[in-house]
Amino acid sequence: MRIRLFDTFHTTALVTGLAALTAVLVTPAALGAPAAHAADAGTGHTAASGDCSAGQLCLWPKADFGGKRQSYELSDTEIETCVPLPKGVTAAALANRTGHPVTAYQSAECAETGEFDTYPGGGSWVPRAPYQVRAFKVWEQ
């Protein structure tokens, strides 16, 4: 009795499918897209995330949540207003747990001529921002 597991057509289809899946999974990182990680439902954060409490926007000066953390809360921040970081301070990593979308800006004036990205408020961790963050804006929804 002879059992044929794969024929040429199935092997080609399998290899093509795996190549396409690999391309989809690798392309965002290769293009420098921001890597925002959703919160783990069990612990509230990913294993490699920085410590950031619910209701806060947390910024770190070094990649991978390194250096002294700065925290901002909605009670101290106006919605839809540009909040520049202190002069000479930039962030290379961030976590958004405000419950609102937050846009991080390369420009200290929240100018859209520089780089900017918006991160969801339900729990986004960005260990390596694609640029030095100099300002942010919290959105209503």
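**Stop 1: Asp64 and Arg128**

Select Asp64 and Arg128: their side chains meet in a salt bridge, 2.6 Å from N to O. A salt bridge here is a side-chain nitrogen of Lys or Arg within 4 Å of a carboxyl oxygen of Asp or Glu. Asp64 sits in the loop between strand 2 and strand 3, and Arg128 in the loop between strand 8 (124-126) and strand 9 (135-138), so the pair ties together parts that are 64 residues apart in sequence. Strands (E, at least two residues) are DSSP runs, numbered from the N terminus.

Before you move on, note the ground rules. This is a predicted model, in which local features need pLDDT of at least 70 and side-chain atom pairs count only at pLDDT 80 or more, while totals for chains, interfaces and linings use all residues. Residues are numbered from 1 along each chain as its sequence is written, and side-chain values use heavy atoms, with hydrogens and water left out.

Now show the surface. Arg128 is exposed, at 52% relative accessibility. Asp64 is partly exposed, at 43%. The classes are buried (under 20% relative accessible area), exposed (over 50%) and partly exposed (in between), with a 1.4 Å probe and protein chains only.

**Stop 2**

Phe65 is found in the loop between strand 2 and strand 3. Is Phe65 buried or exposed? Phe65 counts as buried, at 11% relative accessibility.

**Stop 3: Asp51 and Arg69**

How many salt bridges does the rule give? The count is 2. Select Asp51 and Arg69, which form a salt bridge with their closest N and O atoms 3.7 Å apart. Asp51 lies in the loop between strand 1 (37-38) and strand 2 (56-60), and Arg69 in the loop between strand 2 and strand 3 (70-73), so this pair ties together parts that are 18 residues apart in sequence. Asp51 is exposed, with a relative accessible area of 58%. Arg69 is partly exposed, at 34%.

**Stop 4: colour by confidence**

Colour the chain by pLDDT, the predictor's confidence in each residue, from 0 to 100. The protein chain averages 76, and 65% of the residues score at least 70. Then select residues 1-47, where the pLDDT is below 50. Beyond near neighbours in sequence, this stretch has 28 contacts in the model (heavy atoms within 4.5 Å). Where pLDDT is low, the predicted coordinates should not be read in detail.

Notes: Helix = DSSP H or I, 4+ residues; strand = E, 2+ residues; numbered from the N terminus.
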